[in-house]
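Colleague: I am new to reading models of this kind, and I would like a close look at one part. Could you take me slowly through the salt bridges and explain each term as you go?

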Amino acid sequence: MPVLKNFAGRQLPALKSVALGSCVDRTEAKQPERRRAALGAESLVLSSTTLYAGPSPLASFILSGLGSDSKGHVREVSRGTVVAALERDIRGVLEANKGEGDAKMKSTVLLAKNSSKPTNCIAGDVSFLSLLVGKGGGKESKKAGKPFAFDTPSPDDKVLAAQSRAVGSVAAAAVPSPKPSKPKPKAKGVARLKVGGDDNDDQAVSSGAESAEITPAVTPKRRIDVVAEYSVHQKNRETLNLVVVGHVDAGKSTLMGHVLYALGQVNERTMKKFERDAEKIGKGSFAFAWVLDETDEERSRGVTMDIATSAFSTQHRKFTLLDAPGHRDFVPNMISGASRADVAILVVDASTGGFESGFDGNGQTREHAILIRSLGVRQLVVAVNKLDVVEWSETRYLEITNRLVDFLTGCGYVKEDVRFAPVSGLKGVNLAHRITADGTPELASWYHDKDSASEPGPCLVELIDTFAMPERPVSKPFRLAVTDFFKGGTFSSANSVSVTGRISQGNVQIGEHVVMVPGGERGVVKAIDVDFVTEEWAVAGDSVVLMIQGLDIQHISVGSVVCTPERPIQCTTRFEAQLVVFDPPVPITNGFPGLLHMQSLNVPAVVSRIIETFDQRSGEVLKRRPRHIRKGATARVEIVAETPVCLELFKDSKELGRIMLRKNGETIAAGIVTAIYGG
């Protein structure tokens, strides 16, 4: 069968050439180019004998949408509807009459090839025309069809009318019912456009579908009662934010990387790749640390520099893991991560001299323990790591635990909330599974369960699985302190930005309006990701990524707070705080400069005025307007920040009401906000 092409050179179905009669030989075609272009872009070229095909009356009817009704009047019909209806009928008829249609096709093409005069390929063959546009199949389809009467509404008219009725019914609804509405009945099938056939034909054809389903105007999405939903699904959404802290080189990243691998969060293939790559640069023992240390600089230096985030689940809890850096140069990053934590793991090095370097002097073991307690962390598990280096010595283990118990209880921890576990992060001992007498006999000989002396003690994962869930303030005004932001997201657009952080209080859902403070820019939440999973809503305690439309990224910074427009957070440069002074190199006096830390924000600030000092336990005022604050004292002071900061009173928000003062790389004091002044 010859191949048919249009003037653009595109191959077309061969059957279309049959519907376009009046074929003429190319040698006799004297029509100007403009004349042939006017015949329509659907004119075809028969490439074998290079015949030009001009539109027959039927083709003109199909392409231009003009035809005569039963009274002889010309009526315009939608071209797309007619062509779609005709093509559908052609496919159906030829499927039922394949053999007969092929024979007629061949005879018609042969007639066109052998003729030296203009030949009407269709009008001269009534049987083939009736086969194409007749109503049925078989012998009855050879009867010439009756002309279609264009005095009834077209399918397009019916669709438009049905859409108008649907839009009108939606606009008429005053208030949507909270109950789920019944589904609207689908529109009836659009009647088939009959090109030929009997009047009693009851088959229906639509433009590419059996029936046209009307979609009403989009109605606003029903607002979710997040508090009620959370109360129902609370057990499935009990997520704890776990920060891992400790002195540099204590093995935090290796320990938690091995935990993730043991829990199945890292597959075998990825782990083998980390091992090969670490061996290439001479750091084979850092393979598990690479699970969390993802940047090239961190891997080459072997030091965690920023907060690494991951997620895992235990038998009763879901955790968002925050791996904090241990080097003193990155304490601000550690504070940023610890400010989002509910519970913590303190990793200490049990090797000879390792524990002492982190605990004595300026080691970060002591500072990190004080910082996380000042940020509100009460529940703590101490992982005594690298105990395999000292042959699982019970004496060394007891020495470390006894010193830490005295120190931690002095920092404000309750003894019952602090638990210890001997582990080896590199070898994976006592991490996700309890030890056995066969596997680690040295440790099994003295590490026993408190309830049963014959059973080995709990592993690290079992201990963190017993953390108690804190109460979430889901009903308070929405607050999210921004820890990072970037362009794009799930539904990225030119004026959208994604912000990350932990929801301090309240709740948020898709479609909700929010405001960014400071700045006052407003936007709409378009997408929510909770622990790398897309959700419709999120509540206090969730670590989220919000994609907000309508915000300018130039007006967002780390430390900004996303909140509800009705009750935005206060933004000020002057406030009053109650401080606990640690061990400053010089006494704190009026005008003492320092670096103010609040969540992920740190700005220069000055202690402008010392109001009074008082006894922390009794609350009794010891001295009003003192000249300085000594080590270990508690005082009420006025602080002035260099730039505006977003704060809440501690009694209203325990997370957004905590601050810290640092100077020269050391933490000077920590405290809570007691009063906020305007400006």
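Modeller: What follows is a walk through the salt bridges, with a particular look at one arginine and its partners.

This is a predicted model, in which local features need pLDDT of at least 70 and side-chain atom pairs count only at pLDDT 80 or more, while totals for chains, interfaces and linings use all residues. Residues are numbered from 1 along each chain as its sequence is written, and side-chain values use heavy atoms, with hydrogens and water left out.

Side chains of opposite charge can pair when their charged atoms come close. The term salt bridge is used here for a side-chain nitrogen of Lys or Arg within 4 Å of a carboxyl oxygen of Asp or Glu. Searching the whole structure by that rule gives 22 salt bridges.

The part to look at closely is arginine 636, whose side chain meets that of glutamate 576 in a salt bridge, at 2.6 Å from N to O. Glutamate 576 lies in strand β23 (residues 570-581) and arginine 636 in strand β29 (residues 634-647), so this pair ties together parts that are 60 residues apart in sequence. Strands (E, at least two residues) and helices (H or I, at least four) are DSSP runs, numbered from the N terminus.

Arginine 636 also forms a salt bridge with glutamate 612, at 3.1 Å from N to O. Because glutamate 612 lies in strand β26 (residues 601-614) and arginine 636 in strand β29, this pair ties together parts that are 24 residues apart in sequence.

To describe how covered these residues are, we call a residue buried under 20% relative accessible area, exposed over 50%, and partly exposed in between (1.4 Å probe, protein chains only). Glutamate 576 is buried at 9%, and glutamate 612 is buried at 8%, whereas arginine 636 is partly exposed at 22%.

For another example, arginine 396 forms a salt bridge with glutamate 399, with the closest N and O atoms 3.4 Å apart. These two residues sit in helix α15 (residues 394-410), where being three residues apart separates them by about one helical turn. Arginine 396 is buried, with a relative accessible area of 11%, while glutamate 399 is partly exposed at 37%.

Salt bridges can also link several residues, and Asp342, Arg472, Arg502 and Glu655 are joined in such a network.
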